Amino acid sequence: MQIRRVSFDHPDAVKLNDQVQAEYAVRYGDDGDATVMTASDFEPPNGIYLIAYDGLGTPVASGGWRAQDANDEGNLDGDAEIKRMYVIEQMRGRGLARRILAALEEDAREAGRIRMVLETGLKQPEAIALYTSSGYEPCAKFGYYRHYESSRCFAKGLRHPRSW
């Protein structure tokens, strides 16, 4: 697997985003995640978008983070919000999401972000299991879906290495 930084509007990112939106629509019975996002949200140093490619160059997984600071949707200064974590069905269970998550955390840490945050839902138990097993803990709800009963929000502090 090769993980590459791409723009959120890169054709492979659009393709995977369409797939994850279709999965959300099936799981939740709606049109997918309605959170507003733009390609500029994921431009360094205020974010990053990653895609994992298999040995044939096929995009198989994605994920990104975008900077968030205190706002009327419940974010706090220094937040790095995870968005569009997704692994195509036939590649699940191989640790790809965990690898992308680790890369996102490291990049956000290097960018000076204080904590990683994410919103998921009760109909995504695999996502909840990934995040809780990776050190994420429930936090105050934030974001577009903060008023939805099925919404679950998680956070993980990002420790900054001491410079000597």
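Me: How many nonpolar, polar and charged residues are in the lining of the largest pocket?
Reply: The lining of the largest pocket has 16 nonpolar, 8 polar and 11 charged residues. Ala, Val, Leu, Ile, Met, Phe, Trp, Tyr, Cys and Pro count as nonpolar, Asp, Glu, Lys and Arg as charged, and the others, Gly among them, as polar. This is a predicted model, where local features need pLDDT of at least 70 and side-chain atom pairs pLDDT 80 or more, while totals for chains, interfaces and linings use all residues. Residues are numbered from 1 along each chain as its sequence is written, and side-chain values use heavy atoms, without hydrogens and water.

Me: How much space lies in that largest pocket?
Reply: The largest pocket holds about 810 Å³ of space. Of its 35 lining residues, Y24, M85, T120, Q124 and A127 are the closest to its centre.

Me: Which strand gives the largest share of the lining?
Reply: Strand 4 does, with 6 residues. At least two lining residues each come from helix 1 (11–28), strand 4 (79–87), helix 2 (96–110), strand 5 (115–121) and helix 3 (125–133).

Me: Changing topic, how many cavities of 30 Å³ or more are found?
Reply: The search of the whole structure finds 1. About 60 Å³ of space lies in the largest cavity.

Me: Which residues line the largest cavity?
Reply: Among them are T35, R66, E81, F142 and Y145. Strand 3 (59–68) and strand 4 each supply at least two residues of this lining. By class, the cavity lining has 3 nonpolar, 4 polar and 5 charged residues.

Me: What do pocket, cavity, volume, helix and strand stand for here?
Reply: On a 1 Å grid over the protein atoms alone, a cavity is a set of points where a 1.4 Å probe fits but cannot get out, a pocket is an open set with protein on both sides within 12 Å along at least five of seven lines, and lining residues have an atom within 4 Å of a point. Grid points are joined across faces, edges and corners, and a volume is the space filled by probe spheres set on the points. Helices (H or I, at least four residues) and strands (E, at least two) are DSSP runs, numbered from the N terminus.
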